[in-house]
Amino acid sequence: MVDFGESVAAASLSLARRFANGATMWCVAPAWPEHARHVAVEFVHPVLVGKRALPAVSVESIDAVGALRSLVRSGDVVLAISDRESNAVADVMRRAEAWGVGTMWIGVGPKPPDGAADHVVWVDDDVTEGGRSPAIHDGRLVLLYHVLWEMTHVCFEHPGLLSATGDESCDDNETCITCSDEGRVGEVIANADGTRARVRTARGIETIDTTMVADVSPGDLVLIHAGTAISEIP
């Protein structure tokens, strides 16, 4: 029996809340596209009477970042399926905060490091066949995201859970102790003149000061504080 109950429960509640707020789930699995298609079908197809059809789309591209960048909206969620060695998925996870999207990383084998995604739901399996984990095709990975689908619908049966975000935020016009020390991730869209750049953040498109960092290029990630890029993110 695969023990992933607690991580699936937390991921399901987060996913249900995002769907309730109008999110779309974008599914990517660069090396295993059949799993991305399977997850999307499960969520968008109300196979049981009374269950909701939830917006989910499979995105099939070797360049996952390029494909998702123009599709996702702030508040959406990206669900990726891969092993921890997928550079394409890791790059998506790094940029998700700048795009304003939630992240879920489902996979097999050794787990990614802590903080690699908002929710990491994993089949721990060190046994490989020809360098690949048998869990990819023996049903354990499929079981995992089927349970995720089931638990998400269970959360919809308890509407009180969907509005309780547990997140207190201040108005845009107010300054609080927390926000005064913020550091937000931004993805550079264009370098204006060497001292300013247009960046994408969870809030939208912004123009920031870049005099504290070296010349930045489109696609670079920067840490923003008080309208200024204070460092580049490797």
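Predicted model: local features only at pLDDT ≥ 70, side-chain atom pairs only at ≥ 80, totals over all residues.
## The parallel sheet

Five strands make up an open sheet in the order β2-β1-β3-β4-β5, and their pairing is parallel. The edge positions belong to β2 (56-58) and β5 (119-123); each has a single partner strand, so one side of each is left without a neighbour in the sheet. From one strand to the next, the twist averages 15°.

At the β5 end of this order, strand β4 (residues 102-108) pairs with β5 in the parallel sense over 5 bridges. Within this region, Gly107 is found opposite Trp122 in β5.

## Helices on the sheet

Helix α1 packs on the sheet and touches β1 (25-28), β3 (77-81), β4 and β5. The direction of α1 makes about 135° with that of β5.

Helix α4 (residues 87-99) also packs on the sheet, where β3 and β4 are the strands that it touches. Relative to the direction of β4, that of α4 makes an angle of about 155°.

## Packing of α1 with α5

Two packed helices are described by the angle between their axes and the distance between the axes. For helix α1 (residues 5-20) and helix α5 (residues 140-156), the axes come within 8 Å and the crossing angle is roughly 55°. This angle makes α1 oblique to α5. The crossing in which α1 passes α5 is right-handed.

On the α1 side, the contact is made by Val8, Ala9, Ala11, Ser12, Leu13, Leu15, Ala16, Phe19 and Ala20. The α5 side contributes Val147, Leu148, Met151, Thr152, Cys155 and Phe156. By class, the residues of this contact of α1 with α5 comprise 13 nonpolar, 2 polar and no charged.

## Packing of α2 with α5

Helix α5 also meets α2: the axes of the two helices come within 10 Å and cross at roughly 25°. Angles under 35 degrees count as roughly parallel, and α2 and α5 are therefore roughly parallel to each other. Here too the crossing is described by its hand, and α2 passes α5 in a right-handed crossing.

The α2 residues in the contact are His35, His38, Val39, Glu42 and Phe43. Those of α5 are Leu141, Val142, Tyr145, His146, Leu148, Trp149 and Thr152. This contact of α2 with α5 has 7 nonpolar, 4 polar and 1 charged residues.

## A salt bridge between loops

Side chains of opposite charge can pair when their charged atoms come close. The model has a count of 10 salt bridges. One of them joins the side chains of Glu157 and Lys51, with an N to O distance of 2.9 Å. Glu157 belongs to the loop between α5 and α6 (159-163), while Lys51 belongs to the loop between α2 (33-44) and β2, so the pair ties together parts that are 106 residues apart in sequence.

Strand β9 (residues 221-225) pairs with strand β10 (residues 228-233) in the antiparallel sense, over 5 bridges. The two strands form a hairpin with 2 residues between them. In the turn, Ala226 has a positive phi of about 50°. Along the pairing, Val222 stands opposite Glu232 in β10, and Ile224 has Ala229 in β10 as its bridge partner.

Strand β9 also pairs with strand β6 (residues 184-191); these two strands run antiparallel and are joined by 4 bridges. In this pairing, Gly186 stands opposite Val222 in β9.

How values were computed: Residues numbered from 1 in each chain as written. Heavy atoms only, no water. Axes fitted to C-alpha atoms, helices over the stretch in contact; angles between N-to-C directions. Parallel < 35°, antiparallel > 145°, perpendicular 65-115°, else oblique. Left-handed = near helix turned anticlockwise from the far one by under 90°. Contact = heavy atoms within 4.5 Å. Nonpolar A, V, L, I, M, F, W, Y, C, P; charged D, E, K, R; others polar. Pairing = 2+ DSSP bridges. Salt bridge = Lys/Arg side-chain N within 4 Å of Asp/Glu carboxyl O.
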